[in-house]
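This report describes selected features of one protein model. It takes a helix, a strand and its partners, and then aromatic and charged contacts.

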Amino acid sequence: PSLGFSLHVSAARQPAIRSNDDTFVILGGTGRIGTAVASHLLLRAPKSRIILVGRDDERGTRAVSEVLGEHPSVGDDGDNVSFRKADWRNDDDLRSVIGGCTCLIHTAGPFLEEKPTPLRAAIGSGCQAYVDVSDPLDYLELSLAMSGDAEESGLTAVLAAGAFPGMSNVMAVEAASLCRENGGEGAGVRDTRFNYFTAGLGGSGAVNLYITNLGFGEPMAQYQGGGLRLYEALSGLLLGKVSFYLSDAEWTNKSPVGFGNDEARARVGEQTVFAWPFPEAATVPAELGASGESSAAMGTAPDVWNDMLGLLVALVPRKLWRSKRFSQFLADFSQPLVKATDFLLKLTSPDDVGETHAMRVDVTGTDGSAVSVVQAHESFRRCVGQSCAEFALDLLEHPSPGVQLPEQRYRNDDARERIIKRLTSTPGTFAYSGPVAVSSAAPPSELDQALLKANEAENKQ
């Protein structure tokens, strides 16, 4: 069977197929993100050997069958993809699975309150590259502290390398580059805004809801007045509407830059978002030397989900959201409704996928000029997996030993152009505007009210 995704970009934009005989080890390989990573690796590096690591034999067998079923051309023996039963938290298990691997990919979230043990194991193991989809700031800081050891061992590592965070970080650096160029000599970055949308989770609902729930108990780390500020009572608050396309009124330069803006307008349009503690709201402004504010938010469909989550956040104490037991219970309790929603979205989707994903990143310069970037994909799960796989392939083809975030590795114009070509040429991508000068880059429509509400709640504590 085919992958079932269209390719909305020309063949000339597609990266070359990697012909090396690499071995990729994917922690969390039996999960929905892990199998999406594996499937894209097999598409882009068909001679590779892919090892899916998990703790359950039955899930492992299903995961291997799923990935091979999407790539019937790999051969009847299916040696390209295999399963290894192991617990990555067990040092002996971890060492046994990464021995001899070319690249270690860690997708076994959630990462909250975990230690970067896989990265430490990869350093000095002979691995050439390491990629993960981590997002907690504490986890990222611990990982970045290993950069010297990774450089000494020859390991090239990139963290938070999915769609958001990941691709979104690179989009922000690209927008900032044009913003500085348009602003002239001495122009800098003032504000950065990250807004995301997903409709349907492609079977990954339990894990994603669990991670989302845990985030409601965490402080929001974002910039205010050019410095990092922690908002203890902001995560989960509704922030109003965001347009996941460039409107005619705001698009100051009508020359075509990317593709799919009209399709993004039709398929995604304007959506409600809520605050969530994505790390890029803290790390990207730091990289860009921003002097103003930042924010990060996400929304889902149908809109009733946003309203329901907003109500729960208002009613449930923050300390309960921090409880893994409570957050997991709520995710499991919601599963029947999530599955029903995914099914209905798939039935009504124009591409029979039902997992629409979109991002909008806005950067405002110190002179008031603004640049926006919009990206959209037919599948949230696929977009995360494809992005992770493309980062991994880029690390192998362009090594630079050390541990970095996407905005650090791709601060160079040529490197950023290379990875953007990879990330926006994946099957299922139906919109990428590129950086576009806009009249202004307004925050979500009710952000100011939410900040006031968060400040009032903190003052009462």
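## Helix α10

Helix α10 covers residues 280–288, and seven of its nine residues are buried, so the rest of the structure largely encloses it. Buried here means under 20% relative accessible area, with exposed over 50% and partly exposed in between (1.4 Å probe, protein chains only). Helices (H or I, at least four residues) and strands (E, at least two) are DSSP runs, numbered from the N terminus. The buried residues of α10 are E280, A281, A282, T283, V284, P285 and L288. After α10 comes G289, with a positive phi near 65°.

## Basis of the model

The model is predicted: local features need pLDDT of at least 70 and side-chain atom pairs count only at pLDDT 80 or more, while totals for chains, interfaces and linings use all residues. Residues are numbered from 1 along each chain as its sequence is written, and side-chain values use heavy atoms, leaving out hydrogens and water.

Strand β14 (residues 370–377) is largely enclosed by the rest of the structure, because eight of its eight residues are buried. In a regular strand the side chains alternate between the two faces of the sheet. From β14, A370, S372, V374 and A376 point one way, and V371, V373, Q375 and H377 point the other way.

Two strands pair if DSSP finds at least two bridges between them. β14 pairs with strand β13 (residues 357–365) in the antiparallel sense over eight bridges, and H357 stands opposite H377. These two strands form a hairpin with four residues between them, and G368 in the turn has a positive phi of about 95°. Strand β17 (residues 436–438) is antiparallel to β14 over three bridges, with A437 opposite V371. Strand β16 (residues 429–432) also runs antiparallel to β14, joined by three bridges; A431 is the bridge partner of A376.

## Aromatic rings

Rings of Phe, Tyr and Trp (its six-membered ring) pair if their centres lie within 6.5 Å; planes under 30 degrees apart count as stacked, over 60 as edge-to-face and the rest as tilted. The count is 11 aromatic pairs. F216 and W321 form an edge-to-face pair, because their ring centres are 5.2 Å apart and their planes are at 80°. F216 lies in the loop between α8 (205–215) and β8 (220–224) and W321 in helix α12 (residues 318–321), so the pair ties together parts 105 residues apart in sequence.

Ring pairs also link F164, Y196, W276, F278 and F380 into a cluster.

## Charges over rings

A charge sits over a ring if NZ of Lys or CZ of Arg is within 6 Å of the ring centre and within 35 degrees of the ring normal. The charged end of R229 is over the ring of Y231, 4.0 Å from its centre. R267 lies over the face of F430, at 4.1 Å from the ring centre.
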